[in-house]
Structures are given as C-alpha cells and as structure tokens.
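Keep the structure in view as you read.

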Amino acid sequence: MIRINEITDKVASYIEKPDLELIQKAYIFTAEAHAGQTRLSGEPYLSHPMSVAKILADMQLDEATVAAGLLHDTVEDTKATIEEIEELFSEEVADIVDGVTKISKMQFESKAVAQAENIRKMILAMAEDIRVLMVKLADRLHNMRTLDFQSSVKQRLISQETLEIYAPLANRLGLHRTKVELEDLCLKYLKPDVYEQIDQGVAAHHTSDNDYIDKVIGFINQMLQDNHITARVAGRTKHRYSIYAKMQQQSLGLDQIFDLIAFRIIVQSLKDCYAVLGLIHSIWKPVTGRFKDYISIPKANMYQSLHTTVIGPDGERIEIQIRTEEMNRVAEHGVAAHWQYKERGKKGSNRDAERFTWLRQILDWQRDLKDPREFMASLRFDLFQDEVYVFTPRGDIKELPEGATPVDFAYAVHSKVGDHCAGAKVNGRLVTLDTPLKNSDRVEIITDAHRNPSRDWLKFVKTARARTRIKQYIRTEERARSISLAKEMLEKEGRKVGVNVAKAVKDGHFLKLAEELNLPSVDELLSQVGYARLTPRKVLQKLYGMLHVGEKLVDETPHKAPEPAPAPTEAAKAKKGEGIRITGVDDVLLRFASCCNPLPGEPIVGYVSRGRGVTIHAADCVNLKELEPERLVSVSWDGVEDKPYPAKIRIVCRNFKGALSQVTALLTSDDVNIYAGSFQSNVDGNAVMEFTVEVTNLTQLYGVLDKIRNVESVTEAVRVS
C-alpha cells in the first residue's frame with residue numbers, strides 16, 4: 001500500500017513551503033474513519049483514498065485537493081459529516097469533499113435517475129471549484145485500475161459510465177494521460193475480445209515498431225541538428241482505444257491500420273514550431289486534410305500543438321505533433337498545469353473554470369432539463385463530440401462540436417438568435433441551415449421575428465443547447481395545441497350529454513376535478529385529454545358526478561365494439577416475468593432490437609416506440625444516439641429464463657479444408673445453435689464466417705468466442721452488431 005510519506009514528499013517537490021500538516025491530519029482522520037473496512041480485493045479500504053491522493057499529487061495539485069482526495073469517501077461510507085470536515089479542516093476542503101459525495105440519502109425511482117442526479121450535482125459543484133472533478137477523476141481512475149474484483153455486470157456498467165462521462169470530461173480538462181488510461185481500461189472490460197485482439201496485434205509489431213521509431217527519430221534529429229534547432233523527439237505506439245476508435249470509424253481491420261505510430265517534437269519557442277513543421281513537410285509528403293493548427297486556435301481545454309500526418313520512411317503514414325515545453329506541460333496535465341499554488345486558500349479555480357466555455361454551456365442548458373434521463377443523454381452527446389472553431393462577423397471564436405450547423409451557431413450566440421434563425425451566410429455565401437460548419441468558417445445568421453424553431457432542426461443540430469431549446473419550444477407549442485384540442489373535444493362531447501364545459505371551467509369545477517385526479521392544474525388536465533392519456537368521456541363522467549351527486553352520466557350515443565388488437569408476433573412476446581423488468585410499468589409489449597441483439601447480462605435500455613411497445617437495446621447501441629432521449633426508459637434483466645437469444649459473430653481464419661467443421665464443432669460442444677450463417681473466401685487466403693447463433697447469455701457467448709480464438713488457424717473471433 002502507498003505510504004503517506006510518498007504523497008507528502010511528492011507535494012513538497014512542487015510546492016514551496018507546503019502545508020503538509022493538513023495532509024497528515026487528513027490521513028489520520030481517514031485511517032480512523034475507515035478502520036476495519038476492506039475492499040473487494042481484501043485490501044484495507046484505506047488503500048483506495050491513499051491511491052487517489054497519490055494520483056492527485058502526481059497531477060501536482062494543491063494541498064487542499066490532496067487532503068480532499070484522502071477524505072473523499074468519509075462522508076459517504078463512514079459516520080463522518082461535512083460539518084465535521086469543515087470544522088476540522090476548512091470550508092475549502094469540505095466543499096470539495098461535498099462536491100464528490102453522492103446524493104445517498106434521497107430515494108430515486110431508478111438507478112439511472114440516481115446516476116443522473118449525482119452527475120448533475122457534480123457538474124454544479126465543479127462550476128464552483130474545478131478541483132471537485134479532479135478528485136472525482138482520480139477516484140474513478142483508481143476504481144477502474146482495480147475493477148477486476150467486481151462482477152462482470154458491474155464491470156460493464158462502471159466502464160460504460162466511465163467511457164461516456166468521465167473519459168470525455170478528462171479530455172475536456174486536458175488531462176491526456178488520465179483520459180488515455182480510462183479509455184483503454186474501459187475497452188478492456190466492455191470489449192474484452194477486441195482489446196485482446198488489438199493488444200496481441202500491437203505486441204506482434206512491437207519489435208519492428210521500435211526499430212522503425214528509432215529510425216524516424218534518427219532522421220528527425222539529424223534534420224534538427226543540420227538546421228541548428230534544439231529539440232527533443234519521442235515516438236510511441238498509439239493507445240489501444242484510439243486504434244479501436246479508428247477501426248470503428250473507418251470500418252478497418254487491425255491489419256489495415258497503418259499509422260499506429262505517432263511522434264512528438266518538443267521545441268524551445270513558438271517560432272521553432274512552425275520552422276520544424278516546414279522542414280518536416282520539405283522531406284516527407286504531407287497527407288492532404290491531415291494538418292491541424294491548434295496553436296493559433298487552441299482547443300477549449302487550452303491544448304496547443306501542431307498536428308500533421310506525413311508519408312514517412314518506407315512509405316509508412318506517421319503522425320507528428322510539434323509544440324513547446326510549456327504547451328507540452330499543458331497537454332499532459334491540462335488545467336492542473338495552470339494551478340496558482342501561490343494563491344492557496346483562495347478559490348482560484350473559478351478563474352480556471354472560466355476558461356472552459358463548455359462548462360458554462362452545460363450549466364446553461366442543464367437548468368432547462370428537468371428530466372434526468374434527458375440530461376444524461378444530452379451530456380453524453382455534448383461531451384463526445386470533437387470540436388470545430390468558427391468566427392462571428394466581429395471575429396469572435398465560437399467552439400462547436402464537429403458537424404455543427406448554422407442553427408447550432410445561432411444558439412451558441414444567443415437563445416433568441418437561435419429561436420428566430422431564418423437563414424445563414426458562411427464565408428459570405430448563403431447556405432442551408434443543415435450545412436456542416438468547418439474550421440475557420442465565418443458565419444452570419446439572418447433572423448426573422450416571425451420565424452420559430454422547427455421540429456426538422458432536430459434531425460441535424462449537434463449541440464445539447466440547440467436541441468434542448470428546440471424541444472422546449474416544440475413541447476410548449478404542442479402543449480398549447482393539446483389544450484386547445486381538449487377544449488374542443490370536451491365541449492363537443494359535453495353538448496351531446498348536456499354538460500356546459502365552459503361554465504364548469506369558469507365555476508372552478510375543473511380545478512376540483514384536476515385535484516381529484518392528482519393533477520397540478522386545469523391546463524395539465526386538459527393537456528392529458530389532448531394527448532389522449534385521458535378520454536373526454538372519462539372526464540365528463542367524473543364532472544357529471546360532481547355536478548349531479550349520485551347520478552351517472554348515460555351515453556346514448558351508439559359505439560362500435562372495439563376491434564380486437566392483432567396478436568403480437570413471437571419475437572415481440574417478451575413480457576414482465578419473462579426476462580425484462582421496466583421501472584414503474586407492468587404488462588407492456590416488448591421486443592428486442594435487431595440492430596444490437598442484447599443478451600442477458602449486458603446493460604440494456606428501453607425505448608418507447610409508437611404503437612409497438614418498448615424496444616430493448618444494448619446500452620452501448622450506436623442507434624440510441626439517434627433516438628429521442630425523453631422516450632428512453634430504465635429496464636433490467638429479471639429472472640431470465642434459460643432460453644436462446646440471437647447474437648451475431650464474425651470469425652476470420654486461414655482458408656483450409658475442415659476450417660468450417662472445426663468452428664462448428666466448437667459451437668456444438670458449447671451447446672450453441674447456429675441459426676444462420678455465411679462463408680466467404682478472400683484473395684489473401686483467409687476465410688470470413690459470419691453466423692447468427694443462439695445463446696442463453698453474454699457469458700456463454702464470450703466463453704465460446706474465447707475457445708474459438710484459441711484455435712491456431714483463427715485470427716479473429718468477435719461479436720458484431
């Protein structure tokens with residue numbers, strides 16, 4: 001276990017006259033509070049806060065943050081209170097600990113809602129003090145490093161949340177090392193077969209890659225020496241998750257990824273950055289469209305560097321990054337590199353938070369999102385995007401996600417500009433509102449007071465701010481229309497049965513009726529009718545009973561007998577008790593999405609389809625991004641029957657006589673039925689088999705894939721969707 005001296009020595013190495021007594025005091029308090037507690041690994045629980053504090057010291061954060069790292073679990077997992085932390089340490093330390101502490105005393109309708117509210121609390125706290133997020137990231141990093149001791153279901157749930165929320169947040173803060181390690185660990189638990197394949201592929205190329213790296217570094221050093229430029233050069237193989245992401249984006253196999261190696265040139269001045277870039281392009285041909293200047297237009301997380309991809313020695317594609325020592329420090333440590341230690345005890349972090357426009361934007365739109373699920377969907381959407389930088393007519397820079405449109409830009413300028421956006425000019429030319437913007441575009445918005453947001457805009461906008469404002473307007477408009485429609489329906493039905501609806505509303509009877517139905521207002525009652533959640537007949541029945549106590553409303557209008565609903569297909573007959581539980585809902589028609597074919601044991605989410613019940617998707621299904629977040633529901637596996645579920649797999653092996661029988665024999669031995677399949681021979685001597693198999697759960701699927709991968713002739717065996 002890490003010793004407290006290691007942490008204090010590290011802090012003393014970068015802070016002049018540090019308050020080590022604060023850290024020692026936090027250590028003693030934490031050790032006493034967690035005494036007797038152990039982790040799943042069997043280690044004393046104290047090992048976790050000690051590791052978190054060490055990570056924070058490695059980030060070179062101040063004493064209050066390191067102390068908060070030691071104390072971060074005391075309020076949540078022991079009898080300690082925030083008031084006690086504040087009294088013994090300081091308000092500053094207590095505020096950081098409080099920001100990291102989960103909302104554990106409140107009851108939520110589901111784990112998804114609880115997760116959303118805890119993330120929302122953290123976002124609000126980090127707006128006050130960015131160190132809250134630094135502690136949370138250090139906490140999550142150590143938890144991911146020790147995730148082996150959790151169940152496979154928890155491993156996947158924690159990894160999915162980390163990949164969707166915490167790794168992008170680390171990226172936004174410029175914490176490159178943290179982001180890279182989190183992403184690689186997530187891939188290991190979410191896609192173990194893919195991770196193993198990439199890891200083995202990288203290892204196979206290790207020796208030749210090292211020889212090549214030395215060769216390129218030799219070329220660059222000689223070039224720098226000939227031109228009297230002082231610099232240091234390093235080369236590395238790209239991390240596992242970035243390789244996986246490229247394979248996914250470009251539909252490539254590992255053997256088709258050529259630029260696995262990246263080089264970094266650290267120079268002494270800004271002038272040298274551009275001088276080295278010119279020299280690199282003079283000896284190696286640059287790849288068109290692969291140059292980015294993050295020095296003149298830095299990223300939102302303060303990252304600065306020149307990026308170029310060139311055709312290097314032996315015709316290999318290589319990526320080269322050029323930056324100064326100061327730029328490299330910021331690239332490695334992000335916001336921590338800007339920490340003002342000399343102002344300890346003050347909330348200097350507010351100045352750092354102001355540098356992050358994305359944080360202000362999140363705070364802005366999160367206030368408008370009352371539904372926790374919609375908040376989480378918007379947050380994931382916003383954090384995952386790469387950025388483009390465009391200019392206003394006055395020359396101000398606006399940061400937008402990649403693929404953003406003039407409508408996104410309009411909402412980034414001001415909500416009213418977005419609401420009344422009628423057209424746009426990009427670089428002086430009129431464009432359609434769905435035109436994707438590119439780096440350095442100059443954008444001008446044409447407004448019209450009579451124009452309002454359109455539902456069609458939701459098909460192409462990329463920012464959570466724009467999406468939230470458009471949905472807000474649509475909901476307001478739809479609600480107004482539903483209330484108007486409800487009044488017409490009720491008045492029409494009321495005339496048939498002799499009830500004056502307008503008078504009943506005026507006399508306050510509808511208010512009493514709303515209270516009886518547990519609805520907050522008359523408008524809400526009317527909107528329920530307009531949305532067909534309540535029938536006019538039911539409302540009038542209750543209203544008539546109020547007006548004529550003891551009498552029942554008799555409807556003399558003939559009604560057709562309702563037609564029987566069509567019987568559901570076999571594929572859609574899953575109901576509660578047959579494997580799926582839906583939070584707060586019983587007896588609803590379920591169907592499994594064919595795009596991802598979720599299996600028992602993996603995280604899932606439900607989507608309410610119009611007229612088709614609830615469709616069950618895997619939680620990491622790419623198609624969820626295209627669905628309306630307000631129609632997502634919390635679902636879980638419940639008492640799963642031992643019955644077959646479809647899953648698609650792809651196997652690549654050497655094409656030889658008996659290859660197919662070898663694979664099918666393994667599937668049969670694990671009691672896996674082949675429902676459908678295809679076989680294709682390639683000119684490279686490999687064969688690709690794709691099967692739809694029937695398995696009872698995720699464990700069975702990955703177990704048989706592991707066995708297939710151990711066959712000498714097999715080069716790839718993965719699940720596909």
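Q: What makes helix 7 (residues 91–100) count as mostly covered?
A: This is a predicted model. In it, seven of the ten residues of helix 7 are buried. They are Glu92, Val93, Ala94, Ile96, Val97, Gly99 and Val100. Buried means under 20% relative accessible area.

Q: Which residues of helix 20 (residues 406–413) are buried?
A: Pro406, Val407, Asp408, Phe409, Ala410 and Tyr411 are buried. That is six of the eight residues in helix 20, so the helix is called mostly covered.

Q: How many helices and strands does the chain have?
A: The chain has 28 helices and 21 strands.

Q: What share of contacts joins residues at least 24 apart in sequence?
A: The share is 65%, counted among contacts between residues at least 6 apart in sequence.

Q: Why is Ser47 called buried?
A: Ser47 has 4% relative accessibility. The cut-off for buried is under 20%, so Ser47 counts as buried. Ser47 is found in helix 3. Leaving aside neighbours within four places in sequence, Ser47 is in contact with Met1, Arg39 and His142.

Q: How do you know that Asp58 and Lys54 form a salt bridge?
A: Their closest N and O atoms are 3.0 Å apart. The limit is 4 Å between a side-chain nitrogen of Lys or Arg and a carboxyl oxygen of Asp or Glu, so the pair qualifies. Both residues lie in helix 3 (residues 47–58). They are four residues apart, about one turn of the helix.

Q: Why is Asp58 called partly exposed?
A: Its relative accessibility is 33%.

Q: Which residues does Asp58 contact beyond its neighbours within four places in sequence?
A: Asp58 is in contact with Lys10 and His333. Asp58 and His333 are 275 residues apart along the chain. Their C-alpha atoms are separated by 9.5 Å.

Q: What makes Asp456 and Lys459 a salt bridge?
A: Their side chains meet at 3.5 Å, N to O. The limit is 4 Å, so this counts as a salt bridge. Side chains of opposite charge can pair when their charged atoms come close.

Q: Is Lys459 buried or exposed?
A: Lys459 has 72% relative accessibility. Exposed means over 50%, so Lys459 is exposed.

Q: Where do Asp706 and Arg709 lie?
A: Both lie in helix 28 (residues 698–709), three residues apart, about one turn of the helix. Salt bridges elsewhere share partners: they join Asp62, Glu92 and Arg131 into one network.

Q: How do you know that Asp706 and Arg709 form a salt bridge?
A: The closest N and O atoms are 2.5 Å apart. That is within the 4 Å limit, so the pair counts. A search of the whole structure finds 20 salt bridges.

Q: Why is Arg709 called partly exposed?
A: Arg709 has a relative accessible area of 21%. Buried would need under 20%, so Arg709 is partly exposed. Asp706 has 40% relative accessibility and also counts as partly exposed.

Q: Which residues gather in a patch of negative charge on the surface?
A: Glu83, Glu84, Glu86, Glu87 and Glu91 gather there. Helix 6 (residues 82–88) gives the largest share, four residues.

Q: Why is Asn518 called exposed?
A: Its relative accessible area is 69%. Exposed means over 50%, so Asn518 qualifies. Asn518 lies in the loop between helix 24 (509–516) and helix 25 (522–530). Asn518 has a positive phi of about 60° although it is not a glycine.

Conventions: Residues numbered from 1 in each chain as written. Predicted model: local features only at pLDDT ≥ 70, side-chain atom pairs only at ≥ 80, totals over all residues. Heavy atoms only, no water. Patch = residues over 30% accessible without salt bridge, like charges linked within 9 Å, V, L, I, M, F, W, Y side chains within 5 Å. Areas by Shrake-Rupley, 256 points an atom, 1.4 Å probe, with all protein chains shown as cover. Lys, Arg positive; Asp, Glu negative; His and termini not counted. Charge placed at Lys NZ, Arg CZ, Asp CG, Glu CD. Helix = DSSP H or I, 4+ residues; strand = E, 2+ residues; numbered from the N terminus. Contact = heavy atoms within 4.5 Å. Buried < 20%, exposed > 50% of the residue type's maximum accessible area, 1.4 Å probe, protein only.
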